[in-house]
Amino acid sequence: MSVALVTLGCARNEVDSEELAGRLAADGFTLVEDPAAADTVVVNTCGFVEQAKKDSVDALLEAADLKGDGHGPQSVVAVGCMAERYGAELADSLPEADAVLGFDDYPDIAARLRSIVAGEQHVPHVPSDRRRLLPISPADRPSGTVTVRSRLTTGPTANLKLAEGCDRRCTFCAIPAFRGRFTSRRPHDVLDEARWLASDGVRELFLVSENSTSYGKDLGDLRLLEALLPELAAIDGVERVRVSYLQPAELRPGLLEAIAGTPGVAPYFDLSFQHASADVLRRMRRFGDPESFLGLLDRVRAIAPHAGVRSNVIVGFPGETEQDLETLCDFLVAGRLDVVGVFGYSDEDCTEAATYADKLDEDEVRARTAHVSQLVEELTAQRAEERAGEEVTVLVEDVEDGPVGRTDFQGPDVDGTTSLVGADARVGDLVRAVVVDSDGVDLVARAV
């Protein structure tokens, strides 16, 4: 029986899809890329924000359209965050999907798919707040074997999951409710999987979790990541380790120094600021202000002057004043960030912010989002221009139209790329070069 996996959402979802693929392959399924050529299609949905949910529904409907001509898939199955978050409600509203599976179905995914293709009716779960479930204690966590995983891509970069869930209570975010409590993976399990990835040709490890700064706290040692980074960087074949999803309020000096100063670890700081106004941040149940954030950036650049910094911000949060918006814009100007994702606020089911009374009009949220997005586009282009003359190391990821890859300060998928001139390179090569031009956040560099 053949299966195609369609993945939406974040890097953590991509790891989940590869773990599902590994389980299915180990149980006799054949993995295929083209959904039209599969017996069953599994859509790994995203349930983070409204647009992501719409994209997930569109992907499910697109897969369902392939059925019925005698040659397409026999079934379409929804998994992932949206499926976990809405369960039976999603199944009722989307009859085009033959089944909606939750996270608890993952260990038996092969048996579930076989029964669905055979025409058996699957009863979808009724979602519950997974924060109320006690996390697995360190002593009881499975250990000693590499997670069953089949890579769905062949590039030189791979995501490596550090942990599941989140213990923070940001008022705009529903992720902890359906992803559960923060649970770190044991360091030797992370290392074992990293070695397996390196043996498959991976040269850059992208460490992902909901909050990487919390790694190890539930294992009794909040400094585990500082110890883990040099070990990951020392793995044969690994040339670059990159950490994602850092919480600014939790970025302790030791971890900052480990990221900025460990050979083989990219001096790259994915800092989730979300806003700069202290008043707005408190309403978000977050911490900080322009002075503390700019001080953090100063400390980063004092150790690693060419470090990359990316962030996300939410515009139009309930109660955001014109002064709050000005504070955010002033911070973005002063911060000189390489990349900023700008999101307009929207209510999310079962979040505290959805109950706030002082919401801004939707048109006002759109206008403010457009204003900040335009500012960010200008600022990040200027920041890229400032990179001219810097010597960089580019990991080549594509050579079809000339070598293109990423530097230490460019993360995968969303941070821009660097095109190489004067280089005869292959995918997976690391090329030293000097930045000679820019186009928005993308760079052009000449090999040296």
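Guide: Contact here means that heavy atoms lie within 4.5 Å, and the model we are looking at is a predicted one.

Visitor: With which residues is Cys 329 in contact, leaving aside its neighbours within four places in sequence?
Guide: Cys 329 lies in helix H12, which covers residues 322–335, and at 9% relative accessibility it counts as buried. Once the neighbours within four places in sequence are left aside, the residues in contact with Cys 329 are His 371, Val 372 and Leu 375.

Visitor: Is Phe 287 buried or exposed?
Guide: Phe 287 has its place in the loop between helix H10 (278–283) and helix H11 (290–303), where it touches Arg 168, Ala 249, Leu 281 and Phe 293, not counting residues up to four places away in sequence. A residue counts as exposed when its relative accessible area is over 50%. The relative accessibility of Phe 287 is 57%, so this residue counts as exposed.

Visitor: How far apart are the end C-alpha atoms of helix H1, and what span should its residues have?
Guide: Helix H1 runs over residues 11–26, which makes 16 residues, and at 1.5 Å a residue these should span 22 Å.

Visitor: How many of the residues of H1 are buried?
Guide: Among the buried residues of H1 are Ala 11, Val 15, Leu 20 and Leu 24, and also residues such as Arg 12, Asp 16 and Glu 18. The helix is largely enclosed by the rest of the structure, because the buried residues in H1 number 12 of the 16.

Visitor: How is H1 oriented to helix H5: roughly parallel or roughly perpendicular?
Guide: H1 and helix H5, which covers residues 109–117, pack at an angle of about 75 degrees, with their axes 8 Å apart. Since angles of 65 to 115 degrees count as roughly perpendicular, H1 is roughly perpendicular to H5.

Visitor: Which residues make the contact of H1 with H5?
Guide: By class, this contact has 5 nonpolar, no polar and 1 charged residues. On the side of H1 the contact is made by Leu 20, Arg 23 and Leu 24, and on the side of H5 by Ile 109, Ala 110 and Leu 113.

Visitor: Which are the edge strands of the open sheet of 5 strands?
Guide: The order of the strands in this sheet is S2-S1-S3-S4-S5, with parallel pairing. An edge strand pairs on one side only, and the edge strands here are strand S2 (30–31) and strand S5 (99–100).

Visitor: What is the bridge partner of Val 43 in S4?
Guide: Strand S3 (residues 40–45) and strand S4 (residues 75–80) run parallel and are joined by 6 bridges. In S4, the bridge partner of Val 43 is Ala 78.

Visitor: Which strands does helix H2 touch where it packs on the sheet?
Guide: Helix H2, made of residues 50–64, packs on the sheet, and its direction makes about 175 degrees with that of S3. The strands that H2 touches are S3 and S4.

Key
Residues numbered from 1 in each chain as written. Predicted model: local features only at pLDDT ≥ 70, side-chain atom pairs only at ≥ 80, totals over all residues. Heavy atoms only, no water. Helix = DSSP H or I, 4+ residues; strand = E, 2+ residues; numbered from the N terminus. Expected span 1.5 Å × (residues − 1). Buried < 20%, exposed > 50% of the residue type's maximum accessible area, 1.4 Å probe, protein only. Axes fitted to C-alpha atoms, helices over the stretch in contact; angles between N-to-C directions. Parallel < 35°, antiparallel > 145°, perpendicular 65-115°, else oblique. Nonpolar A, V, L, I, M, F, W, Y, C, P; charged D, E, K, R; others polar. Pairing = 2+ DSSP bridges.
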